[in-house]
Amino acid sequence: MPSLLVLAGSSRAGSLNTKLATLAASKLTALGAKVTQISLADFPLPMVDATGFGNAPEAATKLRALFDAHDGLFITCPEYNAGYTPLLKNALDWATVAKPGAPATGLKGKVVGLGAASAGAMGGYRALTQLRTVLELGFGALVVPEMASVGFADKAFGENGEITDERAAGFLTATLERLVREARHAKA
Ligand SMILES: Cc1cc2nc3c(=O)[nH]c(=O)nc-3n(C[C@H](O)[C@H](O)[C@H](O)COP(=O)(O)O)c2cc1C
């Protein structure tokens, strides 16, 4: 059973990306993964810089330990001006500063799936292309090719938390199925 850490790159109350992360967490559990969902609101961190080496706050060390303890991650993230959020960038960078190693090893051996939700038509897709590059080149992660972007997300979730649009729901299913499959494979 692969273990997967689920988190959203928004700590906003009512966050659409947290909704997507929560839905993904329940689907990943149904697919047979052991899931831990966290909120970055529980990991308050100052802006990272090089003074953090050897001096990382407890929240960064805890986050890093969670990354290390799981076979993979599912990350959802809002799109801010076509990029991913400073909250997520800061948290990811702290996780490397908390345990420095060779470049591009922050998530080496980990499989990552990506999702985004936005009220806009593109559903945060542009942020995910950027996030994918950073995770692959900067962190050494294996990012699965499918991605789950949910457009018009303010209206996309039904009462039960499911995505009502068939196409967007299909993207999520495909991403999560591949993530579990690859994480299982990486663990074997
Ligand atoms: C600084 C900033 C820039 C944004 N830029 C974009 C954008 O480029 N594309 C987009 O679809 N939404 C953009 N948005 C809207 C967010 O995607 C929207 O607020 C979303 O609901 C935030 O995610 P959350 O609900 O998970 O907090 C932007 C929001 C902020 C605060």
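Predicted model: local features only at pLDDT ≥ 70, side-chain atom pairs only at ≥ 80, totals over all residues.
**A walk around strand β4**

Now widen the selection to both strands. β3 (residues 72-76) runs parallel to β4, and five bridges join the two. Pick out Gly72 as well; its bridge partner in β4 is Val111.

Go back to Gly115 and look across to β5, where Ala148 stands opposite. Here β4 and β5 (residues 142-150) pair in the parallel sense too, over six bridges. To follow the chain from β4 to β5, trace helix α4 (residues 125-138); this β-α-β crossover is right-handed. Show α4 as a cartoon and you'll see that the helix lies across β4 and β5, at about 160° to β4.

Next, colour β4 (residues 111-117) by burial: seven of its seven residues are buried.

Zoom out to the whole sheet. Five strands make an open, parallel sheet in the order β2-β1-β3-β4-β5. At the edges sit β2 (34-38) and β5, each pairing on one side only. Neighbouring strands are turned by 20° against each other on average, direction ignored.

Last stop: the ligand. Select the 14 residues around the ligand; Ser10, Ser15, Asn17, Pro78 and Gly120 come nearest. Colour that shell by class and you get five nonpolar, seven polar and two charged residues.

Terms used. Residues numbered from 1 in each chain as written. Near = placed C-beta within 6 Å. Nonpolar A, V, L, I, M, F, W, Y, C, P; charged D, E, K, R; others polar. Buried ≥ 20, exposed ≤ 12 C-beta atoms within 10 Å, placed from the backbone. Helix = DSSP H or I, 4+ residues; strand = E, 2+ residues; numbered from the N terminus. Pairing = 2+ DSSP bridges. Right-handed = clockwise from strand over helix to strand, strands pointing away. Axes fitted to C-alpha atoms, helices over the stretch in contact; angles between N-to-C directions. Contact = placed C-beta atoms within 7 Å.
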